[in-house]
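Here is a short briefing on one protein chain. Please keep the sequence and the model in view while reading.

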Amino acid sequence: MGRKVSGEATMGELRELEELLQKDPDMRYKLSVLSNWPPAGNDNAWEQKTESALEKHLLRMETAFPAEELPVKRTGRNIRKLTAVLSVLVLMLGSYCVYLLMRNTPLKGNKASVAAIFTRDGSRSRAQLPDGTEVWLNGGSRLTYHPDMNNLDSREVTLEGEAFFDVAKNAAKPFSIHTAKMNIQVLGTSFNVKAYTQDETTEATLITGAVEVTLNDGVERIIRLLPNQKIVLQHNNELPSSKPAGQVDGYRVENIRYNQQDSLVAETAWYNNYLVFDNDSFEDIARKMERWYGIKIHLNGEKLKQYRFTATFKNESFPEVLEALKVTTSFRFRITGNDIFITQ
């Protein structure tokens, strides 16, 4: 931020700073405060302060160096000359930095083509897109979109990770979500998309409204989801040979299940700060916990990875979650910094 305010930041540093500002709104406020810091005055009082500061600096130089090695005599005339030279250098440097920024910065009104929202593992965030759509991002997710989407013919975003969308209704401009394995188009609805590239499946869960899902597998087909349905696309495109009627290789459509005790939906409970395991394998649970708590879990043993659990947690720490899972299955865990080692 200091290099940006002083005009010394390179274009690469400016891009990096913009990414950081997207993640941390508090940092944007700090940058605003620094950018609006009042410049030094150009009156006699400022000149006197400058000369006084130079006087003190030259006194320190006289103490540090022998008198015969000191190249400048401490006189008011030399101080004024030095001040003038420094002022010219600062002016030239500032002008050159402004020139570089103007040469490499788009003109006002030509906004950047892509904006992005990031969440790291161990955090969740909520954001509002320019069209009014509300988005909740789960840990380890990235959402990109055009910042001027309201003036485009369609509203399109790209997701890597997991997000819950409450789409602002606009029949004239469809809302589209692009992932590595599927595309989803809606007019106005609420739904969840889980599209982590390292997972074995990509899922879209519809809560209200209607959506159309197009698979990115080279086959022209559109799957329409009804409320309380979800589509599960397997990344390896392998499914059992005995499939229900109407099921196509590579994906399945199924009804979502509500928990009768608390009416939670496992696929969307995360954005209400619930960590839910619904007959999940220990290997899948480990991935969920890594994103939820920002930790690294090491499972030792293939048998251990296949253990399955059903549970709901809210506000528990990861040691508390592991202790709860140990009630039904015998395993040991060891915590070393940010790494969790789990053995039989």
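N279 is found in strand β14; helices (H or I, at least four residues) and strands (E, at least two) are DSSP runs, numbered from the N terminus. This is a predicted model, in which local features need pLDDT of at least 70, side-chain atom pairs count only at pLDDT 80 or more, and totals for chains, interfaces and linings use all residues. Residues are numbered from 1 along each chain as its sequence is written, and side-chain values use heavy atoms, with hydrogens and water left out.

- Most residues other than glycine have a negative phi.
- N279 is not a glycine, yet its phi is positive, at about 55°.
- N279 is partly exposed, with 43% relative accessibility; buried means under 20% relative accessible area, exposed over 50%, and partly exposed in between (1.4 Å probe, protein chains only).
- N228 also has a positive phi, near 70°, and is a residue other than glycine.
- The loop between β11 (222-225) and β12 holds N228.
- The relative accessible area of N228 is 28%, so this residue is partly exposed.

**Whole chain**

- The chain contains eight helices and 18 strands.
- Of its 344 residues, 34% are buried.
- Among contacts with a separation of 6 or more, 48% come from residues 24 or more positions apart; contact means heavy atoms within 4.5 Å.
- The chain has an accessible surface of about 21,200 Å², and carbon and sulfur atoms hold 51% of that surface. Accessible areas come from the Shrake-Rupley method with a 1.4 Å probe; for residues, only the protein chains shown count as cover.

**Largest pocket**

- The volume of the largest pocket is about 1,100 Å³.
- K194, E203, D280, D284 and K288 are the closest to the pocket centre, out of 36 lining residues.
- Six elements are listed as giving two or more residues to the lining: β8 (190-195), β9 (201-208), β12 (229-234), β13 (251-255), β14 (275-281) and α6 (282-293).
- The method uses a 1 Å grid over the protein atoms alone: a cavity is a set of points where a 1.4 Å probe fits but cannot get out, while a pocket is an open set with protein on both sides within 12 Å along at least five of seven lines. Lining residues have an atom within 4 Å of a point.
- Grid points are joined across faces, edges and corners, and a volume is the space filled by probe spheres set on the points.
- The lining divides into 18 charged, nine polar and nine nonpolar residues. Asp, Glu, Lys and Arg count as charged; Ala, Val, Leu, Ile, Met, Phe, Trp, Tyr, Cys and Pro as nonpolar; the others, Gly among them, as polar.

- Strands β17 (residues 332-336) and β18 (residues 339-343) pair antiparallel over five bridges; two strands pair if DSSP finds at least two bridges between them.
- I335 has I340 in β18 as its bridge partner.
- Two residues lie between the strands of this hairpin, where G337 has a positive phi near 65°.

**Two loop residues**

- N138 sits in the loop between β3 (134-137) and β4 (141-145).
- Its relative accessibility is 7%, so N138 counts as buried.
- Residues up to four places away aside, N138 touches T119, S123, R124, E162, Y196, W270 and W292.
- D153 lies in the loop between β4 and β5 (155-166).
- With 73% relative accessibility, D153 is exposed.
- Beyond neighbours within four places in sequence, D153 contacts A172, K173 and P174.
- D153 and P174 are 21 residues apart along the chain, with their C-alpha atoms separated by 8.4 Å.
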